[in-house]
Structure formats: C-alpha cells, structure tokens
Amino acid sequence: MNNFTFHSPTESVFGKDTQKQTGKLIKQYGGGKVLVVYGGGSAERSGLIKDVTDALEEENISYAILKGVRPNPTDDKVYEGIALAVREGVNFILAVGGGSVIDTAKAIAMGAVYPGDFWDFFKGSASPVAAIPVGVVLTIPAAGSEGSPNSVITRIDGLHKLSCRCQLTRPRFAILNPELTMTLPWEQTAYGITDMLCHIFERYFSNTTAQLVNAYSEAIMREVMDHALSLKINPEDYEARADVMWAGTLAHNGLCGVGKEEDWATHRMEHEVSAIYDVPHGAGLACIAPAWMTFVARKNPGMVWKFAINVMSVNPEGRDTDHIIEEGIALLKDFYHDLGLTTSLTELIGKEPDIDALVKSLEGNMGKTLGFYVPLSMDDCREIYKLAL
C-alpha cells in the first residue's frame, strides 16, 4: 500500500425527509444567499424544489434559481450560472439533482470567484484558489459527486469533455434520502449503478497491493450488483435503494482508492463517446468497461482474474486463468444486459462510431498514453474501441 492522505469532510445526512433540513444545514455552513441549481421539471413536479425552498424560507435564507442543467453538462450553463451568482451576490450554492447538476454547481462555485475563464481549471492552465461553498440534495445515486472533489464538464466548442479535481468544491454537506430515487425511470437507476461500479473499477484495477481496500471494494461491488436486480423487480425497495445510494458515495469519495495507484482509462475513453455522441455516461461505460478488461487482461491478468472470482463468483476449480477471466467478463456483460443496457457501442449510438475521431479527440485531451494498470497507447485505445463495437 502506498502512502496516502484520506480527507472526506462532506457531512452526509442520510434518511427519510432529510431534504427538509436543507435550510438549517446551509445556515450551519454560513450560507445567507443561495443559488439553487437543478435540472428538469421532475424536481418541481415531485415537490422536491418546494420542500427545499420552504426549508430555506423557514431559515430566512434568500435564494436565486438556475434550472435546466442537462445530462452531460455543458459549459454554457456554467457561464449562465456564474453570471447569475455574481449578479445576485450568492455565498452558497445548492445542487439539487444528480452528478450533472452537482458538477455544474462545482464549476460555478470556482468560476464565480475567478477573474478569468473557469475552463482554465478544466484544461489545466490554472488552479483554483477559492470557491463558493457547495451543498447537495442528491436525487440520482451514480456519479458520487456528492462526496468527491471532482467535476466533469463538456465544452461545446470542440466537444471537449474534461474533469477538474478541486478539494475546495467538495460539498460541505450531502442530503441523501433514498425515497427521492424511487420515481427515477429504470434506465436512470441502471446508468447510475453502472457508473458507481466503474468508479470502483478505476481504483480496484491497480498494480498496488492493498488487500483490505480490495476486500471492501469487492464487497461493495457485490452488494450493488445484488441490489440492482432487486430494484428492477421492486423499484420501491427502500433498503435496496438505501444501500445503492450509500454505495454511490463510497465508490467515489476516495475510500476505495486509498494507498493505490488509480487507472481512469475507462472513464476517459468513455468521455469521448458521450461528448461526441451525447449518450448517457453510464450507458457508454457499459460498452467500454468490458472491452477494456478484455484488452488489459491479455497483458496484466492478475486483478481481472481476482475480479472474476471474488466479484463475479466464477468457480476457479480446474480452470485456467484465461477461461476464468473470459467467464468473468461474460458474466459482467450479462449483468449489464439484465439491467437493460447494451454492451455494443454500435447499438448504443445507432451506427458504427468514428473511431478515428474518438482517438484523435482522446489524444488531444489526454496525450499519448492513458491509464496505469496497463499504460495504453493510442493504438491500444483504438483496439479497445473496436472491441466495444
């Protein structure tokens, strides 16, 4: 295990009706004028936005509203939010939604106190030194952004989908009420499960020895997969919703990566797919992850073999390594299919993707090599895209 510093200061407030504590929590963290950021009309129709604004008004907290954040969030909404935050003089930002909303809120939080272009932080030409505090009311367990310092935004000009990691934007608090997820369309739940599993993959598939971290990472993955199928049968299973919601936070708050060299090739390859073809991030991961595993297992089979046995429950008795790995990846694909997802990029996009364009954009954004479990050249990435077709 490598040296590490683990710091996860987000206060998680978990359970039924916890969204009604929003005002008290914002006041606790010094908020007096709030920018409420959310996506579509579902948050309004469900009554959640009213619950949140009622809670703010009870604490005499004034607020402005920015709505209309879309999946695969784009820079135009960030610029709109920055202008609104500056104009209204807000000192706290509240994200009500899933990863796209939270990531947009984080980008606004950095950009509203920066004299330059917030995109400087995402392209790596500047580092943030200040940010407006952020809080979260989570509605979609998936991205884990409610407990992480990460944000992913797509720049419309050039379709560059990049991430920024800034501890200043790690949310001060995250309200996690599993009941808020019960009305999600099934595909949203499926995409979220796929994303949180892949957040663990990016840390689990590592050349660093960390047996305890691997053991609890495997346990979280197994539980998420078990609960996923339960939720497909009974979307209102509160206990399953609760475990999946908490797993999404654990998958991306750093706990599953302590002391380990992380990979992140799968996410970065998928970012090109969802940026160019505007498909759901989780749907793209269901195509890329098995293809990535197939490719890297040829060069470094160890952790893929362990994943097959310890997570996918492949019986290793009398089997050679290649067959164990092959069955493990096949079972992972079957799991995605059971969720109603495809593992074919061609089927997902509706046509064969332009692999040359994907690789060119990937190289422009990430450079000549990618990942650490098996360092990938751009030719390797091209092969993985082909395996995902």
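**Fold, surface and cores**

Biologist: What are the ground rules?
Modeller: This is a predicted model, where local features need pLDDT of at least 70, side-chain atom pairs count only at pLDDT 80 or more, and totals for chains, interfaces and linings use all residues. Residues are numbered from 1 along each chain as its sequence is written, and side-chain values use heavy atoms, with hydrogens and water left out.

Biologist: How many of the residues count as buried?
Modeller: 58% of the 389, where buried means under 20% relative accessible area (1.4 Å probe, protein chains only).

Biologist: Which residues touch the most other members of the largest nonpolar core?
Modeller: Phe-201, Phe-205, Phe-307, Leu-376 and Tyr-385, out of 67 residues. Such a core is a set of buried Ala, Val, Leu, Ile, Met, Phe, Trp, Tyr and Cys residues joined through side-chain atoms within 4.5 Å.

Biologist: And what does Phe-307 touch?
Modeller: Leaving out residues up to four places away in sequence, Phe-201, Tyr-204, Phe-205, Met-221, Met-293, Met-312 and Leu-332; contact means heavy atoms within 4.5 Å.

Biologist: Which residues are in the second core?
Modeller: That separate core has 36 residues, including Ile-82, Phe-118, Ile-153 and Ala-174.

Technical notes. Buried < 20%, exposed > 50% of the residue type's maximum accessible area, 1.4 Å probe, protein only.
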